[in-house]
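Hello,

Here is the structure we talked about. Please open it alongside this email; my notes follow.

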Amino acid sequence: MAPIQHLNISRFLHSPTRSIPFSCPRNPLRYNHLNTHPLQQPRISFNRIMMSQSDSAAASQDITKSVRCVIKGRVQGVFYRDWTVQNATQLELNGWVRNRRDGSVEALFSGKPENVDEMLRRCRHGPPDSIVTGFKEFPWAEGPVTGFERKPTI
């Protein structure tokens, strides 16, 4: 049987970079994954931060979401298509809207993801005189659409 070895921890207690394990629940300071003191973290230049933020902002402007949806209920003859054109134009979306012979309304919305989600939320309620009883959405992978138009009934 091997003898028990005692560790001298006094050098760790007085060191500015205390080597206390990260998982220790009684750790008085929250260390990063390298177990270094918070004041001894590597420095990141301000220019590097600003460049990464501008790069991510430019990338987020290029992302578009396209969704086709079918709205059922009392949605024809209640100004639903014109209401959709007004709301989509307000949200700067591209796409189209049209009546279908089965009494539903079909629409395509393409644009910034948060604007598309807002338009889908609005369509679930519709204009004041409509009663939406069914709402289905489908991803749209076909070519890009420019502008927003009211298409003829199919």
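Start with Gly-95: its bridge partner in E3 is Phe-109. This is a predicted model, so please read everything below as computed. Strand E2 (residues 94-99) runs antiparallel to E3, with six bridges between them. Five residues separate the two strands in this hairpin.

How many residues of E3 (residues 105-111) are buried? Seven of seven. Both faces are covered. One side carries Val-105, Ala-107, Phe-109 and Gly-111. The other carries Glu-106, Leu-108 and Ser-110.

Now the largest nonpolar core. It has 20 residues. Those touching the most other members are Cys-69, Ile-71, Tyr-80, Leu-93, Phe-109, Leu-120 and Cys-123. E1, helix H3 (80-90), E3 and helix H4 (113-123) each give at least two residues to this core. H4 supplies the largest share, with four.

Finally, back to Cys-69. Setting aside neighbours within four places in sequence, Cys-69 contacts Val-105, Glu-106, Ala-107 and Phe-109, among others. Its contacts also include Leu-120, Phe-135, Lys-136 and Glu-137.

Best wishes

Methods: Residues numbered from 1 in each chain as written. Predicted model: local features only at pLDDT ≥ 70, side-chain atom pairs only at ≥ 80, totals over all residues. Heavy atoms only, no water. Buried < 20%, exposed > 50% of the residue type's maximum accessible area, 1.4 Å probe, protein only. Pairing = 2+ DSSP bridges. Core = buried A, V, L, I, M, F, W, Y, C linked by side-chain atoms within 4.5 Å. Contact = heavy atoms within 4.5 Å.
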